[in-house]
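Subject: Structure handover

Hi,

Here is the structure for your files. My notes follow below it.

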Amino acid sequence: MLLQPLWTLLRGHSSLLRSPVFPVVFSLSIYLSFCLPFMLLDLLSSRWALARRYKLQPQSSFSWASMWSCLALTLYNHLVFIFPLTLMHWYLKPVHLPKEAPPLPHLLAQVLVCLLLFDFQSFIWHLLHHRVPWLYRHFHKVHHTYDSTSALTTEYSGAVETLSLGFFAAANPVLLGCHPLTELAFFLLNIYLSVEDHCGYDLPWATHRLVPLGLYGGARHHDLHHLKSKYNYAPYFTHWDWLAGTLCRQHD
(Lines give C-alpha, C1' and ligand atoms only; values in the text may rest on other atoms or scores of the structure.)
Protein backbone atom coordinates (compact mmCIF):
# COMPACT_ATOMS: atom_id res chain seq x y z
CA MET A 1 0.00 0.00 0.00
CA LEU A 2 1.58 3.23 -1.21
CA LEU A 3 0.24 5.37 1.63
CA GLN A 4 1.08 3.01 4.50
CA PRO A 5 4.59 4.42 5.27
CA LEU A 6 3.16 7.96 5.40
CA TRP A 7 0.25 6.92 7.60
CA THR A 8 2.55 4.94 9.93
CA LEU A 9 4.71 8.03 10.29
CA LEU A 10 1.71 10.19 11.12
CA ARG A 11 0.36 7.63 13.61
CA GLY A 12 3.69 7.90 15.41
CA HIS A 13 2.45 11.37 16.41
CA SER A 14 -0.95 10.13 17.53
CA SER A 15 -0.96 12.27 20.68
CA LEU A 16 -0.70 15.37 18.47
CA LEU A 17 -3.37 14.15 16.04
CA ARG A 18 -5.72 13.41 18.96
CA SER A 19 -5.05 16.76 20.65
CA PRO A 20 -8.04 19.14 20.90
CA VAL A 21 -5.85 21.98 19.62
CA PHE A 22 -4.65 20.12 16.52
CA PRO A 23 -7.53 21.10 14.17
CA VAL A 24 -7.10 24.82 14.88
CA VAL A 25 -3.28 24.74 14.75
CA PHE A 26 -3.37 22.65 11.56
CA SER A 27 -5.93 24.89 9.86
CA LEU A 28 -4.19 28.15 10.76
CA SER A 29 -0.66 27.02 10.01
CA ILE A 30 -1.57 25.47 6.66
CA TYR A 31 -3.67 28.49 5.70
CA LEU A 32 -0.93 31.00 6.51
CA SER A 33 1.70 28.83 4.80
CA PHE A 34 -0.35 28.84 1.58
CA CYS A 35 -0.94 32.60 1.89
CA LEU A 36 2.73 33.47 2.37
CA PRO A 37 3.98 33.06 -1.25
CA PHE A 38 1.14 35.24 -2.54
CA MET A 39 1.81 37.84 0.14
CA LEU A 40 5.42 37.98 -1.05
CA LEU A 41 4.17 38.45 -4.61
CA ASP A 42 2.02 41.35 -3.38
CA LEU A 43 5.10 42.96 -1.85
CA LEU A 44 7.11 42.46 -5.03
CA SER A 45 4.42 43.46 -7.53
CA SER A 46 4.80 47.19 -6.85
CA ARG A 47 8.47 47.00 -7.93
CA TRP A 48 8.66 43.94 -10.17
CA ALA A 49 6.92 44.17 -13.55
CA LEU A 50 6.91 40.39 -14.04
CA ALA A 51 4.83 39.86 -10.88
CA ARG A 52 2.51 42.73 -11.81
CA ARG A 53 1.98 41.16 -15.23
CA TYR A 54 0.02 38.28 -13.66
CA LYS A 55 -1.97 40.44 -11.25
CA LEU A 56 -5.70 40.29 -12.01
CA GLN A 57 -6.23 43.87 -10.86
CA PRO A 58 -2.91 45.64 -11.55
CA GLN A 59 -4.22 48.93 -10.17
CA SER A 60 -4.68 47.42 -6.68
CA SER A 61 -1.82 47.86 -4.25
CA PHE A 62 -0.55 46.05 -1.16
CA SER A 63 -1.58 47.55 2.18
CA TRP A 64 -0.16 46.61 5.57
CA ALA A 65 -3.35 47.89 7.20
CA SER A 66 -5.58 45.52 5.19
CA MET A 67 -3.18 42.64 5.79
CA TRP A 68 -3.31 43.09 9.56
CA SER A 69 -7.07 43.57 9.46
CA CYS A 70 -7.56 40.28 7.57
CA LEU A 71 -5.13 38.42 9.81
CA ALA A 72 -6.74 39.75 13.00
CA LEU A 73 -10.23 38.66 11.94
CA THR A 74 -8.97 35.21 10.93
CA LEU A 75 -7.28 34.70 14.30
CA TYR A 76 -10.33 36.02 16.15
CA ASN A 77 -12.72 33.64 14.35
CA HIS A 78 -10.45 30.65 14.96
CA LEU A 79 -9.86 31.33 18.64
CA VAL A 80 -13.30 32.58 19.68
CA PHE A 81 -15.59 30.41 17.55
CA ILE A 82 -13.79 27.48 15.91
CA PHE A 83 -11.64 26.37 18.85
CA PRO A 84 -14.55 25.95 21.34
CA LEU A 85 -16.42 23.85 18.75
CA THR A 86 -13.41 21.63 18.06
CA LEU A 87 -12.95 21.22 21.81
CA MET A 88 -16.57 20.09 22.16
CA HIS A 89 -16.19 17.71 19.20
CA TRP A 90 -12.99 16.28 20.71
CA TYR A 91 -14.82 15.65 23.99
CA LEU A 92 -17.90 14.06 22.41
CA LYS A 93 -16.17 12.06 19.67
CA PRO A 94 -12.53 11.09 20.30
CA VAL A 95 -10.34 10.72 17.22
CA HIS A 96 -9.98 7.16 15.90
CA LEU A 97 -6.73 6.35 14.08
CA PRO A 98 -6.92 2.97 12.28
CA LYS A 99 -3.72 1.02 11.74
CA GLU A 100 -4.06 0.66 7.98
CA ALA A 101 -3.86 3.47 5.44
CA PRO A 102 -6.51 3.82 2.73
CA PRO A 103 -5.72 2.65 -0.82
CA LEU A 104 -4.51 5.58 -2.92
CA PRO A 105 -7.31 5.34 -5.57
CA HIS A 106 -9.89 5.27 -2.76
CA LEU A 107 -8.34 8.36 -1.12
CA LEU A 108 -8.24 10.28 -4.42
CA ALA A 109 -11.84 9.38 -5.28
CA GLN A 110 -13.16 10.43 -1.87
CA VAL A 111 -11.20 13.68 -1.90
CA LEU A 112 -12.75 14.51 -5.28
CA VAL A 113 -16.26 13.68 -4.04
CA CYS A 114 -15.71 15.81 -0.91
CA LEU A 115 -14.56 18.68 -3.11
CA LEU A 116 -17.55 18.38 -5.44
CA LEU A 117 -19.94 18.27 -2.47
CA PHE A 118 -18.30 21.30 -0.87
CA ASP A 119 -18.47 23.17 -4.18
CA PHE A 120 -22.21 22.50 -4.46
CA GLN A 121 -22.96 23.38 -0.83
CA SER A 122 -20.95 26.59 -1.06
CA PHE A 123 -22.62 27.53 -4.34
CA ILE A 124 -26.11 27.24 -2.80
CA TRP A 125 -25.03 29.07 0.37
CA HIS A 126 -23.33 31.83 -1.63
CA LEU A 127 -26.17 32.26 -4.11
CA LEU A 128 -28.74 32.58 -1.30
CA HIS A 129 -26.64 35.19 0.49
CA HIS A 130 -26.49 37.32 -2.64
CA ARG A 131 -30.14 36.87 -3.60
CA VAL A 132 -31.60 37.52 -0.14
CA PRO A 133 -30.60 41.07 0.94
CA TRP A 134 -31.04 40.37 4.66
CA LEU A 135 -28.64 37.42 4.52
CA TYR A 136 -26.10 39.45 2.55
CA ARG A 137 -26.21 42.44 4.92
CA HIS A 138 -25.93 40.40 8.10
CA PHE A 139 -23.66 37.51 7.14
CA HIS A 140 -21.82 37.89 3.83
CA LYS A 141 -21.17 41.61 3.34
CA VAL A 142 -17.99 41.46 5.43
CA HIS A 143 -16.34 39.19 2.88
CA HIS A 144 -16.97 41.77 0.15
CA THR A 145 -15.21 44.54 2.03
CA TYR A 146 -12.39 44.24 -0.50
CA ASP A 147 -13.20 44.47 -4.23
CA SER A 148 -9.74 43.27 -5.15
CA THR A 149 -8.79 39.83 -3.93
CA SER A 150 -5.59 38.89 -2.11
CA ALA A 151 -4.62 35.72 -0.28
CA LEU A 152 -5.50 36.91 3.22
CA THR A 153 -9.00 37.99 2.15
CA THR A 154 -9.80 34.26 1.81
CA GLU A 155 -10.94 34.05 5.43
CA TYR A 156 -11.97 37.66 5.86
CA SER A 157 -15.55 36.85 6.81
CA GLY A 158 -17.95 36.96 9.72
CA ALA A 159 -18.36 34.19 12.26
CA VAL A 160 -21.51 32.71 10.69
CA GLU A 161 -19.92 32.44 7.25
CA THR A 162 -16.70 30.98 8.69
CA LEU A 163 -18.61 28.39 10.71
CA SER A 164 -21.01 27.52 7.87
CA LEU A 165 -18.28 26.83 5.33
CA GLY A 166 -16.20 25.10 7.99
CA PHE A 167 -19.17 22.87 8.80
CA PHE A 168 -19.56 21.85 5.14
CA ALA A 169 -15.85 21.04 4.89
CA ALA A 170 -15.84 19.01 8.12
CA ALA A 171 -19.14 17.21 7.56
CA ASN A 172 -18.49 15.81 4.08
CA PRO A 173 -15.64 13.43 5.04
CA VAL A 174 -17.75 12.22 7.97
CA LEU A 175 -20.76 11.60 5.71
CA LEU A 176 -18.57 9.62 3.32
CA GLY A 177 -16.87 7.67 6.13
CA CYS A 178 -13.43 8.88 5.08
CA HIS A 179 -10.18 7.65 6.59
CA PRO A 180 -8.41 10.33 8.72
CA LEU A 181 -5.65 10.53 6.10
CA THR A 182 -8.28 11.23 3.45
CA GLU A 183 -9.72 13.96 5.66
CA LEU A 184 -6.30 15.58 6.01
CA ALA A 185 -5.73 15.37 2.25
CA PHE A 186 -9.11 16.99 1.56
CA PHE A 187 -8.53 19.75 4.12
CA LEU A 188 -5.11 20.50 2.62
CA LEU A 189 -6.48 20.68 -0.91
CA ASN A 190 -9.55 22.68 0.10
CA ILE A 191 -7.51 25.27 1.98
CA TYR A 192 -5.05 25.62 -0.90
CA LEU A 193 -7.77 26.02 -3.53
CA SER A 194 -9.57 28.60 -1.37
CA VAL A 195 -6.39 30.63 -1.00
CA GLU A 196 -5.60 30.31 -4.72
CA ASP A 197 -9.15 31.50 -5.50
CA HIS A 198 -8.47 34.72 -3.61
CA CYS A 199 -4.78 35.17 -4.43
CA GLY A 200 -5.39 37.90 -7.03
CA TYR A 201 -3.01 36.37 -9.61
CA ASP A 202 -3.56 34.44 -12.84
CA LEU A 203 -0.34 32.44 -12.74
CA PRO A 204 0.84 30.06 -15.49
CA TRP A 205 0.58 27.02 -13.18
CA ALA A 206 -2.81 27.97 -11.68
CA THR A 207 -5.28 25.12 -11.18
CA HIS A 208 -7.77 26.46 -13.73
CA ARG A 209 -5.05 26.17 -16.39
CA LEU A 210 -4.47 22.51 -15.49
CA VAL A 211 -8.12 21.41 -15.59
CA PRO A 212 -9.35 21.17 -19.21
CA LEU A 213 -12.51 22.46 -20.92
CA GLY A 214 -12.97 25.42 -18.58
CA LEU A 215 -14.47 23.15 -15.92
CA TYR A 216 -12.56 24.88 -13.13
CA GLY A 217 -12.87 28.61 -12.44
CA GLY A 218 -9.99 29.44 -10.13
CA ALA A 219 -8.61 32.85 -9.20
CA ARG A 220 -9.75 34.62 -12.38
CA HIS A 221 -13.28 33.29 -11.92
CA HIS A 222 -13.53 34.34 -8.26
CA ASP A 223 -11.89 37.72 -8.79
CA LEU A 224 -14.69 38.47 -11.27
CA HIS A 225 -17.18 37.65 -8.53
CA HIS A 226 -15.66 40.29 -6.27
CA LEU A 227 -15.84 42.80 -9.14
CA LYS A 228 -19.30 41.76 -10.34
CA SER A 229 -21.14 40.23 -7.42
CA LYS A 230 -24.00 38.89 -9.58
CA TYR A 231 -21.80 36.21 -11.12
CA ASN A 232 -19.60 33.21 -10.26
CA TYR A 233 -20.97 31.94 -6.96
CA ALA A 234 -19.35 28.50 -6.97
CA PRO A 235 -15.92 28.53 -5.31
CA TYR A 236 -14.17 26.10 -7.65
CA PHE A 237 -15.94 24.45 -10.57
CA THR A 238 -17.97 26.26 -13.22
CA HIS A 239 -20.83 23.85 -13.95
CA TRP A 240 -23.22 25.14 -11.28
CA ASP A 241 -22.87 28.74 -12.42
CA TRP A 242 -23.29 27.62 -16.03
CA LEU A 243 -26.52 25.78 -15.16
CA ALA A 244 -27.81 28.75 -13.11
CA GLY A 245 -26.91 31.32 -15.78
CA THR A 246 -24.53 33.10 -13.41
CA LEU A 247 -21.24 32.24 -15.12
CA CYS A 248 -19.01 35.11 -16.25
CA ARG A 249 -15.59 34.43 -17.74
CA GLN A 250 -14.30 37.83 -18.87
CA HIS A 251 -13.21 41.04 -17.17
CA ASP A 252 -14.59 44.20 -18.82
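Start with the core. The largest nonpolar core has 42 residues, and C35, F38, L152, F186, V195 and Y236 touch the most other members. A nonpolar core here is a set of buried Ala, Val, Leu, Ile, Met, Phe, Trp, Tyr and Cys residues joined through side-chain atoms within 4.5 Å. Buried means under 20% relative accessible area, exposed means over 50%, and partly exposed is in between (1.4 Å probe, protein chains only). Two or more residues of this core come from each of α3 (22-45), α5 (64-92), α6 (104-131), α8 (159-175) and α9 (180-198). The largest share is from α3, with 8 residues. Element names follow DSSP runs, numbered from the N terminus: helices are H or I of at least four residues, strands are E of at least two.

On provenance: this is a predicted model, where local features need pLDDT of at least 70, side-chain atom pairs count only at pLDDT 80 or more, and totals for chains, interfaces and linings use all residues. Residues are numbered from 1 along each chain as its sequence is written, and side-chain values use heavy atoms, with hydrogens and water left out.

Contacts and rings next. A contact is heavy atoms within 4.5 Å. Leaving out residues up to four places away in sequence, Y236 touches L115, F118, D119, N190, L193, S194, D197, Y216, G217 and G218. Y236 also belongs to a cluster linked by ring pairs, together with F118, Y216 and F237. Rings of Phe, Tyr and Trp (its six-membered ring) pair if their centres lie within 6.5 Å; planes under 30 degrees apart are stacked, over 60 edge-to-face, and the rest tilted. The whole structure has 12 aromatic pairs. For F186 and F187, the ring centres are 5.8 Å apart and the planes sit at 45°, so this pair is tilted. F186 is buried at 0% relative accessibility. F187 is partly exposed, at 21%.

S122 is in helix α6. Is S122 buried or exposed? S122 is buried, because its relative accessible area is 6%. S122 touches L165, F168, Y233 and P235, again not counting residues up to four places away in sequence.

Now the open space. The search ran on a 1 Å grid over the protein atoms alone. A pocket is an open set of points with protein on both sides within 12 Å along at least five of seven lines; a cavity is a set where a 1.4 Å probe fits but cannot get out; lining residues have an atom within 4 Å of a point. Points are joined across faces, edges and corners, and a volume is the space filled by probe spheres set on them.

The second largest pocket holds about 260 Å³. It has 18 lining residues, and S61, F62, S63, S66 and S150 are the closest to its centre. α3 and α5 each give this lining at least two residues. The largest share, 3 residues, is from α5. The lining splits into 7 nonpolar, 8 polar and 3 charged. Ala, Val, Leu, Ile, Met, Phe, Trp, Tyr, Cys and Pro count as nonpolar, Asp, Glu, Lys and Arg as charged, and the others, Gly among them, as polar.

There is 1 cavity of 30 Å³ or more. The largest cavity holds about 40 Å³. Its lining is K55, L56, Q57, S60, S148, T149, G200 and D223. That gives 1 nonpolar, 5 polar and 2 charged.

Best wishes
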